[in-house]
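Trainee: Could you show me how to read charge pairs in a model like this one? I'd like the general idea and then the actual case.

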Amino acid sequence: MRILSPRFPLFLAAVSALGLAAGSAGADPLPLLPMPASATPASGAFTVATGMRIGVPASDAGARVAARLLAERVKAWRGLALETGGDAGPIRFVRDASVAGREAYRLTVDAKGATIAASGDAGLVYGAMTLAQLASPDTAFGKPARIGAVTIADAPSFQWRGLMIDVARHFQPIEELYRMADAMAAVKLNTMHIHLTDDQGWRVEIRKYPKLTSIGGWRTPPSTGGPAPAQKVGGAYTQDELKRFVAYAAERGITVVPEIDLPGHAQALVAAYPELGILGDKPAVSNNWGIMPYLFNPGPKGIAFVEDVLDELMTIFPGTYIHLGGDEAVKDQWQRSPEVQAQIKALGLKDEEALQSWMIEQFGRYLEKKGRRLIGWDEILEGGLPQSASVMSWRGEKGGIDAANMGHDVVMTPGTPMYINYTQSLLPDEPPGRYDAITLAQVYNYDPLPAGIAADKAHHVLGAQANLWSEYIVTPWQLQHHAFPRAGAVAEVSWAAKGAKDYAAFLPRLVRQGDRWERSGVHVADSAFAVAYQIEGTRGDALRKSVVPLTLSTQAGYGTIRYTTDGSAPTLRSKAYAAPLSLKPGATVRAVAFDASGNATAAVRSFDTSRTALLMRESSQMKECPAGSLGLRVPLTSESTANTPAYNINLFDTCSLYPEAPLDVAKGYRVEVVRLARHYGLAHEQRMVKQHYNVSDFGELLVQVGCIDAAKRRAAGDKTAQPIAAGAFPLPDPKTAPQRFAFEGKLPAMPGDADVCFQFTSPTTDPYYTVGKVQLVEAAK
């Protein structure tokens with residue numbers, strides 16, 4: 001297997017002979033992320049060492065900030081202490097009006113030193129980040145860094161390069177926002193969109209309405225069967241906290257965009273101020289994930305309330321844009337309200353969608369008067385897009401294409417591939433998240449300028465953004481795991497010129513940046529680089545033949561996989577993987593990929609080929625049944641801070657499939673049952689939830705062999721087709737039973753492999769049941 005692709009961009013190949021890695025005899029490509037617009041090599045080199053001074057013009061406050069950030073990054077990433085202060089030094093920051101663009105910069109490195117020139121403050125900061133990256137190839141921490149002479153002229157392709165952090169579903173401490181801002185600035189991401197309110201919490205202090213946070217900022221976790229947890233969870237940021245953070249982010253070239261979601265996702269608001277709702281009831285702050293029915297009241301009191309909130313937000317967030325949501329607002333409450341229906345009639349509007357459009361228009365005009373602009377999710381297109389609005393296109397690209405062609409600014413953030421709250425891979429050790437995987441390559445290959453936008457409207461595409469919705473992101477570690485390293489792909493997608501990307505060339509640069517993030521205290525997931533195992537054929541075939549044909553691979557296809565079969569940790573001396581392995585059951589394979597520098601690219605992953613292990617499937621190895629998708633990977637409890645256990649579930653049917661069970665080998669089974677909270681707001685999709693008739697008080701677990709085949713035969717017209725019953729276990733009272741328990745049973749003797757379904761029939765008003773693990777046994781107990 002090749003370690004690195006030869007398909008590097010021409011400018012990287014041109015500088016590969018400059019010896020950019022300190023202490024290395026070989027030549028590395030420029031270790032930069034995102035890839036700069038141009039780089040012209042020259043002869044000679046410059047060595048950065050501890051004690052070196054950074055020169056800054058005395059009257060240039062922006063340059064002083066950039067110099068401080070350069071010193072901080074070089075200290076963190078390379079272990080070198082640079083001196084700041086004074087207007088002279090081998091490293092210099094200068095203003096140059098010829099460097100056009102607020103974020104553009106020119107970095108010149110020669111034998112005498114390094115000069116960062118820019119016309120704007122952001123350009124100076126980005127030049128500092130580039131120089132810090134050049135000084136930190138991470139091969140000789142604490143030693144002087146030799147940088148080959150080069151001139152880099154750089155500017156972004158898009159003005160909006162963003163990450164959205166959802167602190168409404170699970171509150172993150174303010175310190176985590178600081179850490180994320182540093183990590184974003186390192187790769188020139190410039191917009192942090194913070195989702196501050198939702199059904200599950202209101203996270204920003206509004207002084208005129210204190211109950212928004214004192215009541216709306218806290219919720220009771222959902223029950224898994226027994227009494228609801230007594231201790232509430234939540235939190236909120238004070239205005240002073242946010243002002244300090246916004247200033248900190250601004251120094252790093254990052255604009256913070258606040259989001260207040262309305263008219264939907266408003267249950268926390270209505271819980272705090274029922275008079276701002278529709279029906280006058282007082283709900284609790286929601287502990288359900290999904291879509292809740294509570295809407296904001298668009299009458300005069302509600303409009304005045306939002307304007308009050310906007311006034312206070314504008315004192316905290318000085319950026320151009322205020323995000324007002326507009327997504328997933330089911331209009332049932334508006335449809336059932338005589339007051340709202342009278343308002344629609346009085347305004348001469350067609351329907352509730354037009355009312356939302358009218359409401360957005362009011363707020364857009366209000367913000368325009370204050371010198372600001374409104375942006376919302378693409379649902380604000382419904383009912384007619386207000387002229388004042390900009391759009392974030394999340395339901396695919398169509399909303400963004402339509403809006404741009406209508407002359408509105410858009411940010412492209414389609415759920416696939418820009419929802420990075422989806423897991424990074426299908427590896428069994430992924431923490432909770434949305435499931436299926438959105439891979440590093442998918443994010444990298446995204447083009448923010450989709451086909452369908454007219455050439456003369458292309459300037460309306462502001463850029464791209466990745467989103468981190470936090471229903472299943474509880475801790476800072478989990479937030480970072482989902483964000484990194486995919487945020488590096490977002491950075492390059494939204495910075496590099498169209499046609500300038502090269503995934504193979506990107507990977508070694510991303511690995512370098514991952515090292516820098518880790519040195520800064522940020523967790524970086526290794527999912528794309530970790531070894532995954534796949535048995536060729538079925539497990540039953542492997543057991544029958546006593547030969548396990550095992551394929552090893554990594555998602556990124558980067559590095560050389562080396563492995564052992566004796567349980568020891570692989571090293572550079574271990575055998576390189578070149579073809580599928582053929583093993584006797586009982587061996588434990590351990591493997592990891594190494595890069596060209598001899599560094600492991602991920603943690604070692606193991607695979608147990610024992611007969612017991614081959615007959616066992618955990619939740620992540622189960623499949624959906626009889627149809628649908630295991631689209632969520634959820635924790636044991638909604639507020640669990642542990643990364644494991646996690647369970648793959650189908651919201652719409654409590655059924656898990658053990659595929660290709662070898663019934664000529666296995667004689668029995670032991671199934672671990674897990675009871676989870678059923679806390680999902682499905683709105684009109686509630687009708688899709690499959691209800692099975694329960695014949696005991698709390699339902700049963702039905703174990704059925706050949707269930708998928710029987711369903712296919714029935715669909716083809718065979719009304720007599722039925723699965724074979726292999727177990728029926730009454731479920732215990734969820735109020736008193738433990739959250740995890742097990743059942744054992746026998747399997748029918750059959751030739752070959754067959755599917756086995758584990759179907760729960762508990763009422764949909766009860767908690768959600770799933771399979772944690774199934775162990776087949778070769779001798780029935």
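Trainee: How many salt bridges does a search of the whole structure find?

Mentor: Side chains of opposite charge can pair when their charged atoms come close. Here the search of the whole structure turns up 37 salt bridges, a salt bridge being a side-chain nitrogen of Lys or Arg within 4 Å of a carboxyl oxygen of Asp or Glu. Keep in mind that this is a predicted model, where local features need pLDDT of at least 70, side-chain atom pairs count only at pLDDT 80 or more, and totals for chains, interfaces and linings use all residues. Residues are numbered from 1 along each chain as its sequence is written, and side-chain values use heavy atoms, with hydrogens and water left out.

Trainee: Which residue forms a salt bridge with Arg68, and where do the two lie?

Mentor: That's Glu72, with the closest N and O atoms 3.4 Å apart. Both sit in helix α2 (residues 61-78), four residues apart, about one turn of the helix. Helices here are DSSP runs of H or I, at least four residues, and strands are runs of E, at least two, numbered from the N terminus.

Trainee: Are Glu72 and Arg252 buried or partly exposed?

Mentor: Buried means under 20% relative accessible area, exposed over 50%, and partly exposed in between (1.4 Å probe, protein chains only). Glu72 is partly exposed at 30%, while Arg252 is buried at 3%. The side chains of Arg252 and Glu72 also meet in a salt bridge, at 3.7 Å from N to O. Arg252 belongs to the loop between α6 (239-251) and β14 (255-262) and Glu72 to helix α2, so this pair ties together parts 180 residues apart in sequence.

Trainee: What does the pair Arg670 and Glu744 tie together?

Mentor: Their side chains meet in a salt bridge of 3.5 Å, N to O. Arg670 lies in strand β34 (residues 668-676) and Glu744 in strand β38 (residues 740-746), so they link parts 74 residues apart in sequence. Arg670 is partly exposed at 40% relative accessible area, and Glu744 is partly exposed at 41%.

Trainee: Which residues do salt bridges that share partners join into one network?

Mentor: The network takes in Arg68, Glu72, Asp182, Glu251 and Arg252.

Trainee: And how many positive and negative side chains does the chain have?

Mentor: There are 78 positive and 78 negative ones, and the centres of the two sets lie 4 Å apart. Lys and Arg count as positive, Asp and Glu as negative, with His and the chain ends not counted; each charge is placed at NZ of Lys, CZ of Arg, CG of Asp or CD of Glu.
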